[in-house]
Amino acid sequence: MIVTKSWLNEFVDLEGISNEKLYETFNSIGLEVDHISSYVIPKKVVVGKIISCEKHPDADKLNVCQIDVGSGIRQIVCGAANVVDARYVAVATLGAVLPGDLEIKYAKLRGVASEGMVCSAVELGLPEVGKGILILDESIGTLEVGRELGSCEKVADTVIELELTANRGDCLSIYGVARDLSVALERKLKPLEHQSSLKEKLGIARMVEIQARGEIDADLSYMLASVDGVSLSCLVALRLAMIEIKTSEPLAGLLQYSMHAVGVTMRAYDAENLKDDGKIHLHIESRQKGIVAVIAKGETVSIVGISQDVASRAKEERSIVLFETSYIHPDLLVEAVAQSTLERDEIYYRTSRGSEPQLYIGAQYLSSLLKSNADCTFYDGSMDISSHFEPVTIGLSSEEVSSIIGQGIEKSKIVTILASLGFEIHSSKNENFGVVVPRFRHDVKNIQDVTEEIVRIIGINNIAAQPMSLVESNQKTEAAVRYAYKKELRQCASAAALDENISYIFSDRSRLEANGFACVKEELDLVNPITEELNTLRSTMMINLLEAVKRNVSYTKKSIGLFEIGAVFDAKRRQKEMFAVIFCGQKESENVANSGKPAMIDFASFVGKIGSIIGTFELAPCSYKNRLIHPYQSADILINGQKCGYLSKLHPVVQNEYGIYETFFSEIDWDALLPEHINAKAVSNFQGVYRDLSIVINKQISYGQVNKVITALESEILKEWYPVDVYEDKSLGGQKSLTVRFMIQSMHKTLEESEIESVMMLILNSLEHNCQAKLR
């Protein structure tokens with residue numbers, strides 16, 4: 001990978017950074033420098049402005065030019081054919097010594113005096129830039145007549161060749177290298193603010209139509225432009241020569257320049273050749289995993305990231321060009337190509353190692369470049385196709401990272417380095433945290449890869465050598481975790497006096513619809529149901545459970561508690577697992593303690609049973625709607641603040657239809673019940689204190705609102721709280737009495753009464769302010 005210092009400077013500020021500092025920095029961050037050199041323009045080579053150019057009176061191939069070199073107008077005889085097209089040129093004045101010890105002296109050519117030399121790039125010690133003299137323009141900077149050309153940093157540039165490992169495709173561009181360099185130098189990347197070319201009033205959708213066939217594994221974006229008079233500016237031509245890219249076609253050169261600058265894969269199509277009935281119809285077809293074909297007029301014009309049909313490429317003489325930017329995951333691409341016999345072009349090297357996935361960067365850069373190098377007008381908008389992308393999240397701990405490195409690294413430093421490298425930091429409240437790998441770093445897949453990134457930025461020379469510790473990772477799979485928890489949940493449900501119900505995943509469509517449940521769309525439904533009654537995939541387990549309860553009641557059972565873990569389906573036939581509980585009749589068995597007359601199940605008892613099975617949860621006003629739900633005895637279930645199900649008393653009308661006792665039921669999303677990793681918390685060695693606080697509040701204020709106010713206090717010694725009494729009476733009018741019990745405890749000492757009273761006053765003041773509460 002070849003970069004130049006001035007090109008890097010367009011993306012990251014390198015002011016004050018010497019070539020030696022760049023060399024050291026690149027090597028320290030793993031971008032090994034193979035070669036570094038600077039172009040030095042000889043002294044007395046200046047910017048000259050051609051005032052006039054006439055044919056030599058005695059030589060057909062020579063021209064006599066009057067050139068302003070700042071110190072005066074000089075007559076110079078030039079033999080380059082392209083001097084007639086030039087306005088600003090590089091002039092070696094008298095006394096200048098060019099490479100090869102060529103000293104410029106006063107001379108006569110065919111009898112005409114010449115006071116200097118108009119130079120080509122090679123004559124100045126630069127790489128060859130076309131034939132003839134080097135024509136200057138403002139792309140290299142302000143063209144001030146008489147200015148020493150060596151003072152122009154974009155011409156007298158430093159070229160650095162980097163040896164990249166195969167996994168660092170993200171550094172196959174100036175932008176990618178600058179992204180790493182900015183972190184190492186602790187300097188921010190410059191914003192990519194490229195102005196797009198003028199837009200046609202006509203939108204691209206009127207000229208281009210795109211259809212996708214199958215699951216497309218690539219991201220694609222198309223722009224349409226009217227392009228004419230393409231040429232390469234001095235800077236573009238010079239930089240292409242410095243990075244050893246040769247092209248005879250200006251448009252192809254601009255594409256190569258843009259790809260090298262920002263890393264986005266680009267192609268240009270001859271729009272006229274793609275048209276069918278006056279419009280471009282593109283079919284994007286997935287032929288196999290990782291192979292995406294672009295088809296126009298029934299012919300394959302390109303394979304994304306692999307090749308392009310030569311006949312479809314944009315021609316210099318054509319004015320309408322379809323530009324394509326693309327990204328495909330290199331792992332998918334390489335595996336697919338290895339199993340095929342597809343021919344590959346020069347772009348495959350870039351895509352197989354990993355190109356830049358942010359396509360808009362490439363589109364903006366290319367449109368800006370075309371604006372300054374051609375007559376170019378883009379049609380409004382773009383046509384895009386996006387693939388499914390699942391970000392890679394890796395769990396880390398600063399202790400484990402330090403262990404791999406063999407040296408203690410502070411968590412704050414780890415987070416800072418990773419964030420600056422483009423990693424997204426998640427859950428960093430303690431030593432364990434997660435990072436989301438940026439899409440352009442497809443090679444980072446585990447904690448060792450992440451640690452390598454940290455080491456690169458810290459500097460390998462700053463880390464003492466230590467033997468690596470290898471620890472086998474946990475071999476538990478997701479399936480094993482789910483199975484183990486199902487087993488645990490079944491045991492908890494059995495301990496709560498519930499029996500497991502097992503039923504088909506089918507149900508009766510008419511009953512589901514009659515009770516207000518969504519059904520699978522008819523076009524996705526069962527073709528050959530096993531019975532007329534079980535004619536659809538169930539969207540709830542409650543209909544099946546109610547049938548089971550009805551059967552048990554007919555067998556003279558007075559207390560029926562059932563649970564089921566199973567699949568349900570939504571209207572689009574998407575499957576998810578649910579945990580359902582139903583309890584009907586007496587809440588306990590007949591015994592001496594209840595004189596053989598146990599009470600029926602009630603809301604509080606049912607909530608207690610659910611809590612004994614799934615653990616802590618919260619209740620909120622019920623937002624679910626179906627015919628089974630009781631309008632006044634129902635609630636949403638919230639776990640960790642997220643709604644995941646509901647519980648309710650069975651509606652009396654439905655209860656009568658089934659001929660069963662009072663019934664309560666619940667249905668909860670299974671995934672919400674899966675236990676998350678919980679870090680152990682320290683237990684205080686000091687005694688805790690319980691205090692009750694009784695307040696009077698408006699009847700309309702729920703305990704949930706009171707709970708939010710208390711939670712917001714975030715007191716270190718306020719450990720837990722819960723309601724113990726709610727009292728309403730005519731004497732209270734529109735208010736009610738609420739008693740909340742608080743547990744107060746310090747981790748460091750036995751609390752004094754004044755400290756306890758201080759916390760209780762803090763709570764009371766907050767409730768008075770936010771809930772208009774009064775002490776009872």
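Trainee: Which elements are included in what covers the buried residues of α4 (234-242)?
Mentor: This is a predicted model, so local features need pLDDT of at least 70 and side-chain atom pairs pLDDT 80 or more, while totals for chains, interfaces and linings use all residues. Residues are numbered from 1 along each chain as its sequence is written, and side-chain values use heavy atoms, without hydrogens or water. Helices (H or I, at least four residues) and strands (E, at least two) are DSSP runs numbered from the N terminus, and contact means heavy atoms within 4.5 Å. The cover of the buried residues of α4 includes β1 (2-4), α1 (5-9), β12, β13 (158-163), α5 (250-262) and α9 (359-373).

Trainee: How many of the residues of α4 are buried?
Mentor: Buried means under 20% relative accessible area, exposed over 50%, and partly exposed in between, with a 1.4 Å probe and protein chains only. C234, V236, R239 and M242 are among the buried residues of α4. The count of buried residues in α4 is nine of nine.

Trainee: Where is N640, another residue with a positive phi?
Mentor: Phi of N640 is near 55°, although N640 is a residue other than glycine. N640 is exposed, with a relative accessible area of 64%. Its place is the loop between β35 (629-639) and β36 (642-650).

Trainee: How much space lies in the second largest pocket?
Mentor: The search uses a 1 Å grid over the protein atoms alone: a cavity is a set of points where a 1.4 Å probe fits but cannot get out, a pocket is an open set with protein on both sides within 12 Å along at least five of seven lines, and lining residues have an atom within 4 Å of a point. Points are joined across faces, edges and corners, and the volume is the space filled by probe spheres set on them. For the second largest pocket, that space is about 640 Å³.

Trainee: Which residues lining that pocket are the closest to its centre?
Mentor: The lining draws at least three residues from each of domain 2 (45-156) and domain 3 (199-385), with domain bounds taken from an automatic or database domain assignment. α4 gives the most to this lining, with four residues. Of the 21 lining residues, the closest to the centre are V129, G130, K131, L232 and A237.

Trainee: How many residues of that lining are charged?
Mentor: Ala, Val, Leu, Ile, Met, Phe, Trp, Tyr, Cys and Pro count as nonpolar, Asp, Glu, Lys and Arg as charged, and the others, Gly among them, as polar. The lining of the second largest pocket has 11 nonpolar and four polar residues. Its charged residues number six.

Trainee: What volume does the largest cavity have?
Mentor: The whole structure holds three cavities of 30 Å³ or more. The lining of the largest includes R179, R350 and F440, and draws at least three residues from each of domain 1 (2-39 + 159-185) and domain 3. The space in the largest cavity is about 50 Å³.

Trainee: How many residues in sequence separate F323 and F378?
Mentor: Rings of Phe, Tyr and Trp (its six-membered ring) pair if their centres lie within 6.5 Å, and planes under 30 degrees apart count as stacked, over 60 as edge-to-face and the rest as tilted. Of the 10 aromatic pairs in the structure, the pair of F323 and F378 has centres 6.0 Å apart and planes at 35°, so it is tilted. F323 is buried at 2% relative accessibility, and F378 at 1%. F323 lies in strand β23 (residues 320-328) and F378 in strand β24 (residues 375-380), so the pair ties together parts whose separation in sequence is 55 residues.

Trainee: Which helices are linked by the aromatic pair of Y485 and W670?
Mentor: This pair is tilted, at 5.3 Å centre to centre and 40° between the planes. Both Y485 and W670 are buried.

Trainee: How far apart are the centres of domain 1 and domain 5?
Mentor: Domain 5 covers 479-673 in the domain assignment. Taken over C-alpha atoms, the separation of the two centres is 63 Å.
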